[in-house]
Amino acid sequence: MLEAELFDIFIQRLNDADAAYMVTGSVASIIYGQPRMTHDIDVVIEVSSARLAELICHFPLSDFYCPPIEVIKTEISRENRGHFNVIHHQTGFKADMYPVGSDPFIKEALNRRRKIDRKGKPLWVAPPEYVIIKKLQYFAEGRSSKHLGDIRGMLTISGDLIDHELLLMWVEQFNLKEFWRLL
């Protein structure tokens, strides 16, 4: 199975659940930039406790590891940095799910997500400015050069899709200028 098909294991189910989501992280940087290997998909998701059981039904335990509903409820109730994994048994492929929480930056990004047609089905992707800011933040935390490489690829391949004024405003707002200069 091709890596792109592995993403569909999760995206199809999120679409079927009519979930408000956006793909971010390395998969989004690949979409906007240059291909590279990745072993998971990062998804920001907005889901209420009331719709959680409905969402989980799309990831049956016979095919997926999914944490108990109480664990997911705890994670979606966090104001920031909530997180849970869903793992496909057959392939071992993993989706890192990040609930929106109360972060206005993430909420704005979700409102600005982009719809891409993938084989006649929607794929909701985080806006490139958001992906770049998150990559800069991850670089600031861990200094992994892969994040800077992803950003360079995005700027080269999709520079015309990026709102550079908004991006620079966020670089300033999140105190990322010293890392931005490395690009």
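**Entry 1: the largest pocket**

I began with the largest pocket of this predicted model: 28 residues line the pocket, and R81, Y98, Y130, K134 and Y138 are the ones nearest its centre. I put the space in this pocket at about 670 Å³.

I then looked up which elements build the lining. At least two residues each come from α2 (25–32), β2 (40–46), β5 (94–99), α5 (104–111), α6 and α7. I noted α6 as the element that gives the most, with seven residues. By class, I have nine nonpolar, nine polar and 10 charged residues in the lining of the largest pocket.

**Entry 2: α6 against α7**

I looked up helix α6 (residues 128–142) and helix α7 (residues 145–158), and found that their axes come within 8 Å and cross at roughly 155°. Angles over 145 degrees count as roughly antiparallel, so α6 is roughly antiparallel to α7. I recorded the crossing of these two helices as left-handed.

On the α6 side, the contact is made by P128, V131, I132, K135, L136, Y138 and F139. On the α7 side, I listed S145, H147, L148, D150, I151, M154 and L155. I sorted the residues of this α6–α7 contact by class and got 10 nonpolar, two polar and two charged.

**Entry 3: α6 against α5**

For α5 and α6, I found axes that come within 9 Å and cross at roughly 145°. F105, I106 and A109 of α5 make the contact with Y130, I133 and K134 of α6. I counted five nonpolar residues, no polar ones and one charged residue in this α5–α6 contact.

**Entry 4: α6 against α2**

I then checked α2 and α6, which pack at an angle of about 130° with their axes 10 Å apart. What does this make α2 relative to α6? That angle makes α2 oblique to α6. I noted the crossing of α2 and α6 as left-handed.

From α2, the residues G25, S26, A28, S29 and Y32 meet P128, V131 and K135 of α6. By class, I have four nonpolar, three polar and one charged residue in the contact of α2 with α6.

**Entry 5: the cavity**

How many cavities of 30 Å³ or more does the structure hold? I found one. The largest cavity holds about 50 Å³ of space.

Which residues line the largest cavity? I listed L14, I45, L55, I56, F59, C66, I72, F84, V86 and M97. The elements that give two or more residues to this lining are α3 (49–56) and β4 (84–88). By class, the lining of the largest cavity has 10 nonpolar residues, no polar ones and no charged ones. For the lining of the largest pocket, my entry reads nine nonpolar, nine polar and 10 charged.

Methods
Residues are numbered from 1 along each chain as its sequence is written. This is a predicted model: local features need pLDDT of at least 70, side-chain atom pairs count only at pLDDT 80 or more; totals for chains, interfaces and linings use all residues. Side-chain values use heavy atoms; hydrogens and water are left out. Axes are lines fitted to C-alpha atoms, for helices over the stretch in contact, and angles run from 0 to 180 degrees between N-to-C directions. Helices (H or I, at least four residues) and strands (E, at least two) are DSSP runs, numbered from the N terminus. Angles under 35 degrees count as roughly parallel, over 145 as roughly antiparallel, 65 to 115 as roughly perpendicular and the rest as oblique. A crossing is left-handed if the near helix is turned anticlockwise from the far one by less than a right angle, and right-handed if clockwise. Contact means heavy atoms within 4.5 Å. Ala, Val, Leu, Ile, Met, Phe, Trp, Tyr, Cys and Pro count as nonpolar, Asp, Glu, Lys and Arg as charged, and the others, Gly among them, as polar. On a 1 Å grid over the protein atoms alone, a cavity is a set of points where a 1.4 Å probe fits but cannot get out, and a pocket is an open set with protein on both sides within 12 Å along at least five of seven lines; lining residues have an atom within 4 Å of a point. Grid points are joined across faces, edges and corners, and a volume is the space filled by probe spheres set on the points.
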